[in-house]
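Visitor: I would like to go through this model and ask, term by term, what each label rests on. Please show it first.

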Amino acid sequence: MEMFDKLEDIVNRYEDITAELSNPDVVNDQDRFRKLMKEQNNILPIVTAFTEYKDCKKNIEDSLAMLSEESDEELLELAKEELNESKKRVEELENELKILLLPKDPNDDKDIIVEIRAGAGGDEAALFAAELFRMYTHYVESRGWKIEVVNADETGIGGMKEVEFMVKGQGAYSVMKYESGVHRVQRVPETESGGRIHTSTASVAVMPEAEEVDIKIDEKDIRIDVMRASGNGGQCVNTTDSAVRLTHIPTGIVISCQDEKSQLKNKDKALKVLRSRLYEMELAKQHDAEAEARRSQIGTGDRSEKIRTYNFPQGRVTDHRIKLTLHRLENILNGDLDEIIDSLIAADQAAKLSNLQDEE
C-alpha cells in the first residue's frame with residue numbers, strides 16, 4: 001500500500017499548489033510562482049495517471065455489480081467487455097505509475113553541452129565525427145530545440161577533429177544523456193582502393209549545463225587568453241581579437257570558443273562549458289561512489305564505453321547496451337533517433353524498477 005499512500009500525498013500536494021497559485025500574493029511573487037508552476041507540471045503526469053487508475057477501479061466495481069444483478073444478455077456482454085478493458089488498463093497504469101514514481105535524475109531538465117571528438121581512424125574518424133554532429137543537429141531541430149556551436153576544429157575535407165555545442169530545450173539531458181560513449185563506424189573509405197572495410201571511432205560526451213549554484217569557479221583559478229579567430233568565420237571574425245581560450249589552472253582543462261563575434265559572448269560560452277566539465281567531474285565521483293546503482297542502469301556518461309556501431313555495408317545500426325539492431329542507417333544518420341532513444345529510456349526504467357524490487 002506504500003505506493004498508493006505516496007500517490008495520495010502527491011494528489012494532495014497538487015491540490016495545495018493549485019490553491020496557492022490562485023493566491024494574489026503568490027502571483028505577485030514571480031520566483032515563488034515559477035517554482036510552484038514547475039512543481040505542478042512535474043507531478044501532473046502522476047496525478048493524471050492516478051486519477052485514471054481510480055476511475056478504472058471504480059469501473060471494475062460497477063461492472064462486477066452489474067454482472068451480479070443484471071439479467072439482460074446484451075447488458076451483461078457490455079459489462080464483461082468493460083470489466084476486461086478496465087482490468088487490462090489497471091495493470092498498464094500500475095506499471096506507468098511505478099515508472100513515474102522512480103527517483104528523478106535532478107539534471108534531467110537541464111540544457112546540455114555535447115562534445116564530439118574524432119578517435120581512432122585519422123581522416124575517416126574526423127568525417128564520422130562530422131556526421132554525428134550533423135545527426136544530432138537534425139535530431140535537435142526535429143524536437144524544436146536550439147543548438148549553438150561553441151567551438152569546432154574542422155579538417156579541410158569536411159571532417160571535424162572535435163566539436164562542442166550547446167543544446168537548449170526542455171528535458172534535453174533526460175533524452176540525450178544516453179548518447180555518451182564511443183560510437184563506431186564500419187565502412188569502405190572513399191580513399192580505399194582495395195575495397196576493405198575500415199573501423200573508426202568518435203567519442204561523444206553529453207554533460208548537463210551547470211548553473212553557477214552548481215559549480216563555483218574562482219576567477220583566480222582561470223587564465224584567459226584572447227586571440228584572432230581562425231577558420232571560416234567571415235572577415236569580421238578574423239580581424240578582431242574575439243576568440244577566447246580559458247585555462248582552468250587546478251585541473252588543466254582548456255576551453256576555446258570563437259563562434260561569436262563578441263569576445264564577451266565567447267568568454268561567457270567558454271565559462272559555461274568549463275562549469276559543465278567541472279560539474280561532470282563531480283558527477284563522475286558520485287557515480288563511482290554509487291558503483292552498484294550505476295551498474296543497474298543503461299550506460300550514461302562513460303565516454304570510454306563502446307555503445308553503438310554504424311555499419312554501412314549492411315545498412316545497420318546496433319546499440320550494444322540493449323542489443324538493438326535497426327536496418328535503417330541512412331534515416332538514423334539524418335536524425336531519426338527516436339526509436340533508439342525511446343528503447344534506451346525504456347530499458348533504463350526497467351533496470352531501475354528491477355533494482356528497486358530487489359531492494360524491497
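Visitor: Which residue of strand 10 is the bridge partner of Thr 309?
Guide: Thr 318 is the bridge partner of Thr 309. One caution belongs here: the model is predicted.

Visitor: What is the order of the open sheet of eight strands?
Guide: The order is 2-3-1-5-4-9-10-11, and the pairing is mixed.

Visitor: Why are strand 2 and strand 11 said to stand at the edges?
Guide: Strand 2 (146-154) and strand 11 (324-326) each have a single partner strand, so one side of each has no neighbour in the sheet. Between neighbouring strands of this sheet the average turn is 15°, direction ignored.

Visitor: Why is strand 1 called largely enclosed?
Guide: Buried means under 20% relative accessible area. Five of the seven residues of strand 1 are buried, so the rest of the structure largely encloses this strand.

Visitor: Which strands pair with strand 1 in the antiparallel sense, and over how many bridges?
Guide: Strand 3 is joined to strand 1 by six bridges, and strand 5 pairs with strand 1 over seven bridges. Arg 117 shows both sides: Glu 162 in strand 3 stands opposite Arg 117, and so does Ser 203 in strand 5.

Visitor: What does helix 5 lie across?
Guide: Helix 5 (residues 122-142) lies across strand 1 (112-118), strand 2, strand 3 (160-168), strand 4 (181-187), strand 5 (198-208) and strand 9. Helix 5 runs at about 15° to strand 3.

Visitor: Is His 198 buried, exposed or partly exposed, and how do you know?
Guide: The relative accessible area of His 198 is 33%. Buried is under 20% and exposed is over 50%, with partly exposed in between, so His 198 is partly exposed.

Visitor: Where is His 198, and which residues does His 198 touch?
Guide: His 198 is in strand 5. Leaving aside residues up to four places away in sequence, His 198 touches Val 185, Gln 186, Arg 187, Pro 189 and Glu 192. Arg 187 is eleven residues from His 198 along the chain, and their C-alpha atoms are separated by 5.5 Å.

Visitor: What is the order of the open sheet of three strands?
Guide: The order is 6-7-8, with antiparallel pairing. Strand 6 (222-227) and strand 8 (253-257) stand at the edges because each has a single partner strand.

Visitor: What makes strand 6 and strand 7 a pair?
Guide: Six bridges link strand 6 to strand 7 (residues 243-248) in the antiparallel sense, and pairing needs at least two, so the term applies. In strand 7, Ala 243 stands opposite Met 227.

Visitor: Which residues of helix 1 are buried, and why are they placed on the same side?
Guide: The buried residues are Leu 7, Ile 10, Val 11, Tyr 14, Ile 17 and Leu 21. They cover an arc of only 125° around the axis, which puts them on the same side of helix 1. The face turned away from that buried side carries the exposed residues Glu 2 and Asp 9.

Visitor: What do the buried residues of helix 1 pack against?
Guide: They pack against helix 2 (24-28), helix 3 (30-69) and helix 4 (73-100). In helix 4, the buried residues include Leu 76, Leu 83 and Leu 97, and the cover over the buried residues of helix 4 includes helix 1 and helix 3.

Visitor: How many helices and strands does the protein have, and what percentage of residues count as buried?
Guide: The protein has eleven helices and eleven strands. Of its 360 residues, 39% count as buried.

Technical notes. Residues numbered from 1 in each chain as written. Predicted model: local features only at pLDDT ≥ 70, side-chain atom pairs only at ≥ 80, totals over all residues. Heavy atoms only, no water. Buried < 20%, exposed > 50% of the residue type's maximum accessible area, 1.4 Å probe, protein only. Helix = DSSP H or I, 4+ residues; strand = E, 2+ residues; numbered from the N terminus. Arc of directions from axis to C-beta. Contact = heavy atoms within 4.5 Å. Axes fitted to C-alpha atoms, helices over the stretch in contact; angles between N-to-C directions.
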